[in-house]
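Here is a friendly walk through one protein model. Have the sequence and the 3D view at hand as you read.

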Amino acid sequence: MSLPGRPLVPSAAQVSQYRADGFLVVEELLDASELSALRDRWEALFSHAWETGVAPDEVNYTPGVTPPERTRQLCNAWKADRVVARTTLSVRNASFAACLAGVDGLRIGQDNLIWKPPSGKALLAHQDGAYLDWMDPPNMTTCWMALDDTHADTGTIHHLRGSHRWERSPVGGEFHAPDDWLGHLRSATGVVGPLELVPIEVPAGGAAFHDAWTWHGSPPNERSDVQRRAVISHFIDARTRWSAGAAHPVYSRYRRPGEAEMDEAFFPVVWRADGYRTAWLDDFVAAA
Ligand SMILES: O=C(O)CCC(=O)C(=O)O
């Protein structure tokens, strides 16, 4: 366990495990006070109460409108809530992820809050990199953090061991509430036999890091008595530039005409090995 504001360095064994498997489980990352602060903000955020007055970039849940068993998602909730920002834009998460990925620094690409309710629906197995053609190069290192104890039958995230070395597949299938959460994986890769899918079973506060090309997703929550919540930092290499050839319907709004560099106002540098961190981040987060 370490404080969000302090760098955290993986052991050599953790780095080699990550590079061999395409993911790494960390049993304890958030302490009890960080967990309870995030849980306290949860209902307000999903009721569209934005602490900063700014809405997240994507809001995939509207109370009373979205079918209740659909898994709920907010993207870039850090812009809406500084308790979320303190965790998803933490030096701890980014320093650890950068060492795993073998890069000198990371920006936030996007954060996510995922709320799978009791009996909640699946999220499609996918490679994050397939959705990132608007970046040059497409890349991502993710820190997925559990707010509840997770189990194979509560619809936890599953990673396909070693699949970051598989062929890079295009986007396909329905991301939210697919009928068959493994359908796109099987049709894109042609694998019909057994898959070495690893359910991430950790206590609340535990985490798993994964690579942009690691196949992952989550099956339906088989339990009608427990929810499964996760907070996610999706980091990108600090040197990532805008792609000249593709745009994202939401995130490319933050690109000025002709701009190649990503602006730190929207994609702040969270940690760099030389000590650099986007100037306004600490003051922003301190207000949490
Ligand atoms: O929490 C989940 O079910 C999936 C999250 C995910 O796709 C990710 O962290 O990249």
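## Arg 228 and its surroundings

Please keep in mind that this model is predicted. Let us begin with Arg 228 and its contacts: leaving aside neighbours within four places in sequence, Arg 228 is in contact with Lys 116, Asp 148, Thr 150, Thr 154, Gly 155, Thr 156 and Asn 221. Arg 228 and Thr 150 are 78 residues apart along the chain, yet 6.9 Å separates their C-alpha atoms.

Arg 228 belongs to strand S12. Is Arg 228 buried or exposed? Arg 228 counts as buried because 24 C-beta neighbours lie inside 10 Å, and the cut-off for that label is 20 or more.

## The protein as a whole

Stepping back, you will find six helices and 14 strands in the protein. The C-alpha atoms fill a box of roughly 50 × 40 × 40 Å along the principal axes. The radius of gyration is 18 Å, which agrees with the value near 19 Å that a compact globule of 288 residues would have.

Buried residues account for 46% of the 288 residues. Contacts also reach across the chain: of those between residues at least 6 apart in sequence, 84% join residues at least 24 apart.

S7 covers residues 141-146. Since six of its six residues are buried, S7 is largely enclosed by the rest of the structure. In a regular strand, side chains alternate between the two faces of the sheet. Here, Thr 141, Cys 143 and Met 145 point one way from S7, while Thr 142, Trp 144 and Ala 146 point the other way.

Which strands pair with S7? One is S10 (residues 207-211), which is antiparallel to S7 and joined to it over five bridges; within S10, Ala 208 is the bridge partner of Trp 144. Another is S12, which also runs antiparallel to S7, with six bridges between them. In S12, Ala 230 is the bridge partner of Ala 146.

H4 is mostly covered, with 11 of its 11 residues buried. Among them are Arg 92 and Asn 93, as well as Phe 96 and Leu 100. After H4 comes Gly 102, with a positive phi near 75°. As for Met 145, its contacts are Leu 29, Leu 30, Ala 207, Ala 230, Val 231 and Ile 232, not counting residues up to four places away in sequence.

## Around the ligand

Which residues surround the ligand? They are Ile 114, Leu 123, Asp 128, Thr 142, Trp 144, Ile 157, His 216, Ser 218, Ala 230 and Ile 232. By class, this shell has six nonpolar, three polar and one charged residues.

At least two shell residues come from each of strands S7 (141-146), S11 (216-218) and S12 (228-237).

Key:
Residues are numbered from 1 along each chain as its sequence is written. This is a predicted model: local features need pLDDT of at least 70, side-chain atom pairs count only at pLDDT 80 or more; totals for chains, interfaces and linings use all residues. Helices (H or I, at least four residues) and strands (E, at least two) are DSSP runs, numbered from the N terminus. The radius of gyration is taken over C-alpha atoms; the globule rule is 2.2 Å times the number of residues to the power 0.38. A residue is buried if 20 or more other C-beta atoms lie within 10 Å of its own, exposed if 12 or fewer, and partly exposed in between; C-beta atoms are placed from the backbone. Two residues are in contact if their C-beta atoms, placed from the backbone, lie within 7 Å. A residue is near a molecule or strand if its C-beta atom, placed from the backbone, lies within 6 Å of it. Ala, Val, Leu, Ile, Met, Phe, Trp, Tyr, Cys and Pro count as nonpolar, Asp, Glu, Lys and Arg as charged, and the others, Gly among them, as polar. Two strands pair if DSSP finds at least two bridges between them.
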